[in-house]
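Take a look at the sequence and the structure below. The report then walks through strands, rings and the core.

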Amino acid sequence: MQRNAKILNPQVLNVDYDVTKSTLTVSTTEFLVVENKALGYRLKYMLDHFEYNSRTHIIYYSGHPFFEELKASAAKKKKYIAAREVAYYGSSQHFFRSLYANKTQEEGFIINKMIKIPNPNRYPQYVINTNLEKIKAVPEKTGIRQTKGKIDTALLAFWTKQQEMPKTIDKFSRAEVITDTLVHYFNQNLKYISYTDALLIQYTKEKESMAYSKTGFWIFRPLDVPENEISVANLTGEGVRFYENGGIYDSRSLLFEGYWAYEKVADMVPMDYIPLPKK
């Protein structure tokens with residue numbers, strides 16, 4: 001659906017790239033207008049923050065969307081309705097709305113854990129730091145091998161590669177997470193979840209699309225796990241507060257991987273959207 005969405009006023013965007021932080025930021029003081037011909041919306045988006053880190057490949061954005069219906073014939077509206085249902089079902093909005101109502105299983109979600117275990121192929125961080133510091137200092141008395149008075153580039157490359165390796169690797173846990181122990185009331189308007197490791201959410205009523213499978217967002221799955229849409233929700237703080245409509249109180253409290261990371265503004269529907277029941 002992202003290919004059918006177009007920003008109509010890109011000139012209002014201010015783009016900046018910080019080389020030292022490998023971070024691209026985008027800001028604007030005006031509404032960003034997006035025409036989405038796949039879902040039948042003209043979206044006015046007041047962008048609060050957009051940030052992309054080219055080193056970690058993490059994208060963070062937040063803002064306030066306002067939806068307007070595109071004028072369309074009856075036949076076109078029927079296509080819009082079908083496309084909106086595809087966009088909504090299996091989304092993070094659908095999941096958190098189902099979680100609030102304690103209906104995740106009925107709605108087609110299976111919740112497991114993605115357990116983070118130390119990477120056995122990576123040296124401890126203090127060992128990596130110590131060796132990199134020694135090599136970059138290039139003192140004659142350190143005992144670091146040098147070639148014609150220069151840094152041993154092979155050794156530097158080795159420890160640099162160690163530095164770039166992930167500290168942990170993911171392990172797909174088959175144990176199902178029970179929502180009764182996961183979800184708690186925060187106040188009369190919000191519920192709250194907190195957990196260790198990461199939540200792995202499968203949506204069983206849709207298969208991953210071919211377009212998605214060609215991206216780098218896909219999540220490792222054991223061979224016997226069906227090709228359901230899979231997303232991973234990592235906590236960035238102590239927990240997540242969410243509303244009955246599926247909205248997240250603090251969007252920066254979660255970091256998505258997998259299908260939810262693949263979905264962007266072009267896949268959004270209004271927070272008060274009510275779909276037809278999924279058969």
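## A hairpin to start

Two strands pair if DSSP finds at least two bridges between them. Helices (H or I, at least four residues) and strands (E, at least two) are DSSP runs, numbered from the N terminus. The model is predicted: local features need pLDDT of at least 70, side-chain atom pairs count only at pLDDT 80 or more, and totals for chains, interfaces and linings use all residues. Residues are numbered from 1 along each chain as its sequence is written, and side-chain values use heavy atoms, with hydrogens and water left out.

Strand β2 (residues 14-18) pairs with strand β3 (residues 23-27). The sense is antiparallel, over five bridges. Asp16 stands opposite Thr25 in β3. Four residues lie between the strands of this hairpin. Ser22 takes a positive phi near 55° there.

## The five-stranded sheet

An open sheet has five strands in the order β10-β7-β13-β14-β16, with antiparallel pairing. Which strands stand at the edges? They are β10 (168-173) and β16 (254-258). Each has a single partner strand, so one side of each is left without a neighbour in the sheet. From one strand to the next, the twist averages 30°.

Inside the sheet, β13 and β14 pair over seven bridges, in the antiparallel sense. Gln202 stands opposite Ile230 in β14. Helix α2 lies across β7, β13 and β16. Its direction is at about 105° to β7. Such axes are lines fitted to C-alpha atoms, for helices over the stretch in contact, and angles run from 0 to 180 degrees between N-to-C directions.

## Aromatic rings

A pair of aromatic rings is described by the distance of the centres and the angle of the planes. Rings of Phe, Tyr and Trp (its six-membered ring) pair if their centres lie within 6.5 Å; planes under 30 degrees apart count as stacked, over 60 as edge-to-face and the rest as tilted. This rule gives 19 aromatic pairs.

Phe95 is buried (under 20% relative accessible area; exposed is over 50%, partly exposed in between, with a 1.4 Å probe and protein chains only). Its relative accessible area is 1%. Phe95 also pairs with Trp260: the centres are 5.5 Å apart and the planes at 45°, so this pair is tilted. Trp260 lies in helix α7 (residues 259-262), so the pair ties together parts that are 165 residues apart in sequence. Trp260 is buried too. Phe95, Phe109 and Trp260 are among the members of one aromatic cluster, which also includes Tyr100.

## Charges over rings

A charge sits over a ring if NZ of Lys or CZ of Arg is within 6 Å of the ring centre and within 35 degrees of the ring normal. Lys191 places its charged end over the ring of Tyr100, 4.6 Å from the centre.

## The nonpolar core

A nonpolar core is a set of buried Ala, Val, Leu, Ile, Met, Phe, Trp, Tyr and Cys residues joined through side-chain atoms within 4.5 Å. The largest one has 28 residues. Phe95 and Leu199 are among those with the most contacts inside it. The largest share, four residues, comes from α2.

Notes: Contact = heavy atoms within 4.5 Å.
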